[in-house]
Amino acid sequence: MPAVRETLRALRRSLAELDPGPVSDRAGRFTFGYAAIDVPLGGGLPRGSLNEVFAGEVSDAGAAAGFVAGLVQRAAPDGEAVVWVRQSFAAIEAGGLHAPGLMEMGLDPRRLILAEAKSPTGVLRAASEAVRCAALGAVVIEPWGAPKVLDLTATRRLALAAARTGVTAFLLRAAAKP
């Protein structure tokens with residue numbers, strides 16, 4: 001039994017080392033600016049977190065993207081750069097991002113770094129790198145559908161990286177179920 005106890009202690013130490021520790025200096029919340037939403041959320045959404053937005057139907061993908069653009073504007077209001085990583089198929093199925101439309105919504109397209117990848121794996125790789133860059137204000141991750149690589153392990157890694165850097169990430173999902 002002593003060997004089992006020592007093994008458990010070693011595992012606990014290993015798990016403690018994996019703890020991301022405190023969130024970066026950008027900790028805090030960003031609000032929706034509407035009390036009926038902010039109050040139940042404890043003052044808004046936390047910075048340095050991973051948040052998922054689902055389009056109800058494929059035809060709602062544009063509305064969901066607009067909603068995420070509004071959230072990005074609130075999460076990164078100080079002119080910080082924003083990386084938007086899309087799967088190429090998302091642009092084919094749901095349409096491209098429209099710079100004048102983003103500008104009308106208050107999100108300056110000059111702040112936007114758009115990356116496209118052919119595969120969901122490429123989207124996750126690019127997003128993973130972007131979320132680890134503390135200089136960014138936010139990252140939008142837009143794979144198409146429900147790819148197998150987007151599992152609990154992948155989303156946990158993204159969430160931990162966001163917590164470490166304070167970069168707020170939005171996982172925009174179309175053609176997928178919550």
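Arg9 is partly exposed, with a relative accessible area of 43%, where buried means under 20% relative accessible area, exposed over 50% and partly exposed in between (1.4 Å probe, protein chains only). This is a predicted model, in which local features need pLDDT of at least 70 and side-chain atom pairs count only at pLDDT 80 or more, while totals for chains, interfaces and linings use all residues. Residues are numbered from 1 along each chain as its sequence is written, and side-chain values use heavy atoms, with hydrogens and water left out.

Side chains of opposite charge can pair when their charged atoms come close. With a salt bridge taken as a side-chain nitrogen of Lys or Arg within 4 Å of a carboxyl oxygen of Asp or Glu, the count comes to 4 salt bridges. One of them joins Arg9 to Glu6, with the closest N and O atoms 3.2 Å apart. Both residues belong to helix 1 (residues 2-18), and because they are 3 residues apart there, about one helical turn separates them; helices (H or I, at least four residues) and strands (E, at least two) are DSSP runs, numbered from the N terminus. Glu6 is partly exposed, at 38% relative accessibility.

Another salt bridge links the side chains of Glu52 and Arg173, at 3.3 Å from N to O. Glu52 lies in strand 3 (residues 50-54) and Arg173 in strand 7 (residues 168-173), so this pair ties together parts that are 121 residues apart in sequence. Glu52 is partly exposed, with a relative accessible area of 44%, whereas Arg173 is buried at 7%.

Asp108 and Arg110 also meet in a salt bridge, at 2.8 Å from N to O. Here Asp108 is buried, with a relative accessible area of 19%, while Arg110 counts as exposed at 71%.
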